[in-house]
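Please read the following report alongside the sequence and the coordinates, which are shown here.

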Amino acid sequence: MSATHSHDLMIRIIGLRKTYELGGENRVHALAGVDLEVTNGSYIAIMGPSGSGKSTMLNLLGCLDRPTSGAYFLGDEDVARMSDDQLSEVRGRRIGFIFQSYNLIAQLTVLENIQVPLFYQGKDLRQYHEHCEKMADLVGLSDRLHHRPNQLSGGQQQRVAIARSLVNDPLMILADEPTGNLDSKTGKEVLDIISELNRQGKTIVLVTHDDKVAARAHRIIHMKDGLIDREVVNRPAPTSRPSTRGPGTGALSAATVQPLNP
Ligand code: ADP
Ligand code: MG
């Protein structure tokens, strides 16, 4: 038995493997049997050379893909065994995504981009107008609601992506090189928002090549050849989800993350 009670664990993975079949005898063991536990409210950075399995790991954690074998419990749900429909339901309900290239839809406004996860969940968007405006406000984009992505700076586009990742009030946010396309000052602003979300209790798993980015995490997981090679603990992770939320420290100080509740 683990020393940690299972209800304090956001992620528990055991012997996780992902093998890509390339035809004939050719296969790639992108994940070769990974064990990992992540407590609620932790901030984890994943590092490692190109091809070491970081994106594969994030895709599996995000229920975008299924492992070849092994177990993955997200909270108390065994997602490794779920159908595609169940996976997308879990994804929509529990997970927010932030990507290096923002992945906004060019034809949609800021507000409409923020609504996209709700649309995929089949929600009546009219009921969420105010909620989505709050999400935009949270990342400082209240005055850009009707702009389109090509009318925004890179940092503003990434802030739209953060607001979009929050719209379902996810328990966990996954970020693949979220500052990779940003200059250092703008990148720092985006990281400040992510740190503040973590402070408010969101579990964060972030892939990065940058030591300065990783330094913000509680733990740094170094991957190599589809395995966890070593782990560095920067600072203690919370032992359970914080029950009280103090005032903010700058970014996001105007509002706390609102639960989805019309
Ligand atoms: P990283 O994000 O650390 O650069 P990836 O997780 O993208 O690494 O890839 C891990 C390994 O799996 C690499 O050798 C890569 O070529 C291989 N790989 C990733 N995705 C696929 C795929 N869809 N089909 C075949 N091989 C893949
Ligand atoms: Mg990658």
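## Ligand shell and fold

Helix α1 gives the most to the shell around ligand 1, with 3 residues; helices (H or I, at least four residues) and strands (E, at least two) are DSSP runs, numbered from the N terminus. The model is a predicted one, in which local features need pLDDT of at least 70 and side-chain atom pairs count only at pLDDT 80 or more, while totals for chains, interfaces and linings use all residues. Residues are numbered from 1 along each chain as its sequence is written, and chains are lettered from A and ligands numbered from 1 in the order in which they are written.

Ligand 1 is surrounded by Tyr20, Val28, Ala30, Gly48, Ser50, Gly51, Ser52, Gly53, Lys54, Ser55 and Thr56, where a residue is near a molecule if its C-beta atom, placed from the backbone, lies within 6 Å of it. Both β2 (27–39) and α1 (54–61) supply at least two residues of this shell. By class, the shell has 3 nonpolar, 7 polar and 1 charged residues, with Ala, Val, Leu, Ile, Met, Phe, Trp, Tyr, Cys and Pro counted as nonpolar, Asp, Glu, Lys and Arg as charged, and the others, Gly among them, as polar.

An open sheet of 6 strands has the order β6-β7-β8-β3-β9-β10, with mixed pairing; two strands pair if DSSP finds at least two bridges between them. Because β6 and β10 (227–233) stand at the edges with a single partner strand each, one side of each is left without a neighbour in the sheet. From one strand to the next the twist averages 20 degrees. Helix α6 (residues 184–199) packs on the sheet and touches β3, β7 and β8 (203–207), its direction making about 150 degrees with that of β8; axes are lines fitted to C-alpha atoms, for helices over the stretch in contact, and angles run from 0 to 180 degrees between N-to-C directions. Two of the strand pairings are set out below.

| Strands | Sense | Bridges |
|---|---|---|
| β6 and β7 (residues 172–176) | parallel | 5 bridges |
| β3 (residues 43–47) and β9 (residues 219–224) | parallel | 4 bridges |

Ile95 has Met172 as its bridge partner in β7, and Ile44 has Arg219 as its bridge partner in β9. Strand β6 (residues 95–99) is largely enclosed by the rest of the structure, because 4 of its 5 residues are buried; a residue is buried if 20 or more other C-beta atoms lie within 10 Å of its own, exposed if 12 or fewer, and partly exposed in between, with C-beta atoms placed from the backbone.

Arg12 sits in strand β1 (residues 9–21) and is partly exposed, with 19 other C-beta atoms within 10 Å. Leaving aside neighbours within four places in sequence, Arg12 is in contact with Glu37 and Phe73, contact meaning that the C-beta atoms, placed from the backbone, lie within 7 Å. Leu36, in strand β2, has its C-alpha atom 5.9 Å from that of Arg12, at 24 residues along the chain.

In helix α3 (residues 110–120), the buried residues include Val110, Leu111 and Ile114, and the buried residues of α3 pack against α2 (84–94), α4 (129–138) and α5 (154–166).

The mean pLDDT of the chain is 89, and 89% of its residues reach 70 or more, pLDDT being the predictor's confidence in each residue, from 0 to 100. Over residues 241–251 the pLDDT is below 50, although this stretch has 15 contacts in the model beyond near neighbours in sequence. Where pLDDT is low, the predicted coordinates should not be read in detail.
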